[in-house]
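This briefing is intended to be read alongside the sequence and the coordinates. Please inspect both before turning to the points that follow.

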Amino acid sequence: MSVVKKKKHVSKKNKKAWRKHCDIRDVEDFLEEQRLDERLGKFDTKPDSELFVVDTQGDDDDKAKDIKSETSEKVVKPTSAKERKRQQLSKTPKCYEILIPASKVPDPNAKRNHVNPVGSRPTALSKITEKKREEKGKFEKKVEVARKNRKIALDKKRKAKSIRNNFDLDLWGQDLPEAKGIPETLCDDFIPPGALLHNVLPQQRLRPKPPPPKTIVTRSAVDTPHPGISYNPSFKEHQELLQEVVQHEQKMMKREAHLLRVTTGMFSKVTPEQKENQWREEMSVGLPQPHNPANDPSDNETDNEYKAVNPPVKNKKKDHKARRKQKEQLEEKERLKRKKIEKKKISDLYRLRQLQSTISKTETRQAEDRTKRVTKRKIEEATALPALNAHKTPKKEPEYVDPEQLSGDLRTIKSTTNLLRDRFESLQRRGALAASKLMMKKKRKLKSYFKAGHKVTEKDIERYVTRSAGKK
Amino acid sequence: MVSKKKKKYSSGEGAQFMTRKAALKKLQLTLKDFRRICILKGIYPREPRNRKRAQKGAGGIKTLYHTKDIKFLLHEPILWKLRELKTYQQKIRKARAMREYRQMRRYLRDYPDINIDHIVKERYPTFVDALRDLDDCLTLCFLFSTFPSLKRVPRDQSMLCRRLTVEFMHAVIAAKALRKVFVSVKGYYYQVEIEGQTITWIVPHHFSFQPQSKDEVDFKIMSTFVEFYTMMLGFVNFKLYHSLNLVYPPKLTAAFSADSDKDLVDEQQYVSERIAAMNIPVVRITGANEVEELPEIDIFNTEDEDPQKLEEAKEEAEKVKKLKTMFKGLKFYINREVPREPLVFIIRCFGGEVSWDKDHFVGATFDESDESIAYQIVDRPSMEKQYLSRYYIQPQWVFDSVNARTLLPINKYLMGAVLPPHLSPFTDKIRDQVYKPPEERELLDPNLKPLNDDEGSDTDVEEASDEDAEEKEEDSDGDPDEALAKQYQQEVEDESSTEDEDDIDPEKKKIAKEKKKAMAVTTGVPHKEHPYQKEIEDKQAFRLREKLVRKKHRNLYKSMKAGQEKRKKEIWLLRKKRRLLDEKAKEEKKAEKRKQRNQALEAASA
C-alpha cells in the first residue's frame, strides 16, 4: 500500500521561500539545453552527414594512415620561415581571435549601426596613390561624372542668381508647385495634382499660416498727409497744423510738470546747515540734555497726589431710568421713520409721472453714455500702440513745419523729418516690429598712463628749456 | 482612478503663445537669424489678451509669438539654409584667422544666396495681394535708393533699389496710372491706381545724403525689410511689364547695371542718369499694340445701387480718362533750377514730352530753342531771354493740374507770380461737408463760376427749391400708375361724350357700349416720365431702403445722417451770412458811389 503523502502547506511568499520549496530543476535543465543548442546548433536540425561519418576503412588502415599523414606533413611543410610567415599573414592573429564572435546566437539588435573601420578613411598616402592613378587615367568615368555633377550644381546656382537679378519668373502666372513644397523632380506635366500633393514631403507639408495680427492688416502703411505739411500750404491749413503741434506740446508740458510735481516736487529742499542740525538732533535723542531751567516742570499744578497715566476703566452701570429713556428714544426714532416712509408712499403716487420721466431720462442718458464709451473704446483700440516689448512704442507726433522755412518754391525746401526713422516707427506702430532701443556697445574705458621712463613732467620741460637756452 | 493632474498653461492662452527665447530654442537659431526669418516670412510678435496667462505667470512684458507661427516657421526650408550659412561664416572666419586668404576669398566668392521667391509667392498668393502691400515697399525702396553704401546694408542693395524703382516708375508711365501728387515738406506723395488698387508712396526730396544717427534706426532690420521688398518689387515689376506688353528687364542706361556701380561715384551724376533713364520710352514687345483702353464702366442693374453713386462713378471714370491724356502732345522744357525728377515723371505719365538743358544734364531730347515747346517750367522771378511761343510757368502748375485733373488756367502760375496755395489731394470725404468760402471753392474746382455777387443767392434759391420739393412730395402721392389711370378715364369719358350725340335708344346703346368697351382698342399713350415724379419715387425708395438698415447699424446710420444734416445746415448758415455780408458791402459800395457821384455833380453845378 502506498502511503499518500500528505501535502505539506508551505509559504511561498517571497522569492527565497519559493526557491526553497519549488522544484525547478526541469525548467533549468531545459533552459540549459536550449542555450547549448543555440551555441552549438540543434541536434535535430543538423543533417546526419554532419553528425556521423561512414566508416569505410578498417582499424588497420586508420593506423597506417596516421603514420602516413605524419610523414607526408613533414614533406609538405614549407621549408623557409619566410613562407611560413606569409601563410600566417592571412590568418587572424591569435590575440584577436577572442574578439571574433563564436556564438551562434544571433545579434539581438538587428539594425546595428555600421561603423566605418579604421582604414576606410582616405589617408594622406592613399590620397597620393589615388591621385597618381587618376593621372594615369584609371577612373575616367568617375571623373566625368564628377565634372557633370559640378556643372549641374553651378547651373542651378547661376539660375538662382539670375532670378535675383532679372526676376525672370512669372510668380503669379501659373500655380508654381514648388511653392507648395512639392519636390522639383515631381513637377512634371504628366503627374496629376493628386499624386503631387500625395508626394509632398512631410517635413515640407504646408501648415496653414495663422492670420497676421489685426494691427498690421488694418493700419495703413503710408498715412494720409496733413494738408498743412504742403510746401506751399494755405494759411488756414498751416494754422491748423500749428495748432495741432501746440496742443501736442502743451500736453507734453503738462505731463512733464505733473511728473515733476509727483516726484521731485514731493520732497522739500534742505540746506546743508539744516541737514546738519537735523542730524544732530536725531543723533542726540536719549542722551542726557544740559539742564534747562525753562523746561523744568512747574510745581504749582501738582498737588502731590499720585495719578496714573492711564487710570483704570470703571464699569459704571446705567440705572432703569436711563435705560427706559434710551429705549423710548429709539422707538420714537423708528416711529418717525416709518411715518415718513408712509407719507412718501402716498406722495409718490402723485409723483408717478415725474418719476417715470426721471427714470426714462436717466436711462437715455445712460444709453448715450454707453454708446459714447463704446465708440471711444473702439477708437482707442483702433489707434492703440501695440505693447510687444518692455520698451514703449513711440507715439506719432504731428509734423512741425516752421513758418520761416516756408519759402513757397521748390528750390529752397528744407526738411527736418527723417524719413527712415518715420518708416521705422511706422513699422513699430503697426506692430510689425517690437519697439526697441538700440543698445550701444559701451566702449571700454582705457586707462592711460605713461611708461615709467617716458614720463614728461613740468620739471623736465623746464630743465629742457633752460638747457636749450643755455646752449644759445 | 484619479486622472493625471493637468499641468498649468498646457492649454488655452498659456499654450498659444511662446516667448522669443523659447522660439529661438525651438528653431535653434540665433537672434540675428530669427529676426531675419521673421521679417522675410512675415511673422510678427503678438499682443495677447491676457499677458499674465500668456507668459505662463511671468511678470513684465516679453515679446511673444504665436506657437502656431513658430511651428509654421519650423517647416521653412530656408531654416536649414540659415544654419548652413552659420557654419559657412564660421569657415570664413576661421580662414581669416588662419591667414588663408586664398581660401577666404574663395569662400566669399561662393557665398551661398538664399532664394526667397517662394516666400514672396507664399505671402502674396495673388498679384493683387502684392499690389495691396506695395505702399511700404515702394517708400522704403525709394528711400534706400538714395543711400550710399552703409555699414550694415549689403553693398548691392541700394543699387538694386535704384534699378527697381526706376523700372517701377517706367511701368507707371506706361500704364498712365498716376492719379495724385502732393508736394510736402517731407517729400513727394504719389498715388497710383494699378488694377483697381491705390498705392501711395513717398519719395524723399533730393538732398545730398543726410547722415543717419545710429541710435535712431536699426539699419540691419530695415535692410532685411528692404531685402524682401526688393524681391517683391522685382516680381511685381516683371508682372506689370508683361501685362503692359513691355520687355522686361528694360534696357536702361548703363548706370543701372550691377557691374558698373563703381563708375558712378558722383551723386549728381547718378541723379541725372536716373532722370535721363526715365525720359526714354521703354521697348515694347514686338508685335504688341498699346494696351487697349479699358471699356466704359459696365452697369450692373443691382437693386440697391444708388443711381447717384453710379453717376458719380461714371463722372469719375470720365475724369480719369481725361487725366490720362492731359499732357498729350505738349512739349515741356524744364529750366535748370527746377527739380527735374518729379516733373519728368509726372509729365511723362500723362503723355507729355520733356527736355532740359543739354549742356548740364544727359538725356535731353530737344533744345530750348525748339519753337514747338508749349510750356517752360521756371522757378525764378524773371528771365532775360524769353520766347513768345511758350508760357513760362512755375512747377506748381503741373502738380495742381494733375490734382485738378484738367489743365488749370496759367494766369496764377506765371513766372514771378505769387502762387496760390498747394492743397493736398489726400482729403477725406468728410472735409467736403465743411463750409468753404467761395474763393477756396473756386480754387478747388476750376469749372465753378468765377466769383460773382449773385452766386450766393443762386445757391440759396436752389436750396430753397429743394426744400419746397421736399414739402411738395409729402403732399402728393406721386404715383405714375394713378396718373395713367386718370388719363385713361378722361379719354374714355371723351369718347363717350362724342358718342352721346347720336342719342338712340339708351338701353341698346348701353349694351352696345358695354360690348364695345369689352373689345375696344384704345390708342396707346406714350408713358411720359416726370423727372420730378421720378425724383420723388427715388426718395421714397431710398426711405424704404433706409428702413431695411439692420438694427445693429441703425443707430450708427442715424447718427451719421444727423451729422450730415447738421453740417449741411452749418454750411447753409455760413453761406447765408456770407451772402448777406456781400450784399451789404455791395449796397454800401453803391451808396458810396452814389454819394461820390452826387458830390461830383454838386461840385460841377457849384
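What percentage of the 606 residues of chain B count as buried? The share that counts as buried is 39%. The model is a predicted one.

**Make-up of chain B**

- Chain B contains 22 helices and 9 strands.
- When contacts in chain B between residues at least 6 apart in sequence are considered, 63% of them link residues at least 24 apart.

**The sheet E3-E4-E5 of chain B**

- Three strands of chain B make an open sheet in the order E3-E4-E5, and their pairing is antiparallel.
- Strand E3 (178-183) and strand E5 (197-204) of chain B lie at the edges, each pairing on one side only.
- From one strand to the next, the twist averages 15°.
- Helix H16 of chain B, residues 396-404, packs on this sheet and touches E3 and E4 of chain B. The direction of H16 makes about 135° with that of E3(B).
- Strand E4(B) is mostly covered, with 7 of its 8 residues buried.

**Strand pairing within the sheet**

- E3(B) and E4(B), the latter spanning residues 187-194, run antiparallel and are joined by 5 bridges.
- Leu178(B) has Val192(B) in E4(B) as its bridge partner, and Phe182(B) stands opposite Tyr189(B) in E4(B).

- Helix H15 of chain A (residues 419-430) packs with helix H10 of chain B (residues 134-144) at an angle of about 155°, and their axes are 10 Å apart.
- Angles over 145 degrees count as roughly antiparallel, and H15(A) and H10(B) are therefore roughly antiparallel to each other.
- The crossing of these two helices, H15(A) and H10(B), is left-handed.
- On the side of H15(A), the residues involved are Leu419(A), Leu420(A), Arg423(A), Leu427(A) and Arg430(A). They meet Asp136(B), Thr139(B), Leu140(B), Leu143(B) and Phe144(B) in H10(B).

**Cysteines and disulfides**

- A disulfide is a covalent bond between the sulfur atoms of two cysteines.
- With a cut-off of 2.5 Å between cysteine sulfur atoms, the count over all chains comes to 0 disulfides.
- Cys137(B) is in no disulfide, and its nearest cysteine sulfur, that of Cys141(B), is 4.4 Å away.
- Cys137(B) counts as buried because its relative accessibility is 0%.
- Cys141(B) is likewise in no disulfide, and its nearest cysteine sulfur, that of Cys161(B), is 4.2 Å away.
- Cys141(B) also counts as buried, because its relative accessibility is 0%.

Key:
Residues are numbered from 1 along each chain as its sequence is written. Chains are lettered from A and ligands numbered from 1 in the order in which they are written. This is a predicted model: local features need pLDDT of at least 70, side-chain atom pairs count only at pLDDT 80 or more; totals for chains, interfaces and linings use all residues. Side-chain values use heavy atoms; hydrogens and water are left out. Two strands pair if DSSP finds at least two bridges between them. Helices (H or I, at least four residues) and strands (E, at least two) are DSSP runs, numbered from the N terminus. Axes are lines fitted to C-alpha atoms, for helices over the stretch in contact, and angles run from 0 to 180 degrees between N-to-C directions. Contact means heavy atoms within 4.5 Å. Buried means under 20% relative accessible area, exposed over 50%, partly exposed in between (1.4 Å probe, protein chains only). Angles under 35 degrees count as roughly parallel, over 145 as roughly antiparallel, 65 to 115 as roughly perpendicular and the rest as oblique. A crossing is left-handed if the near helix is turned anticlockwise from the far one by less than a right angle, and right-handed if clockwise.
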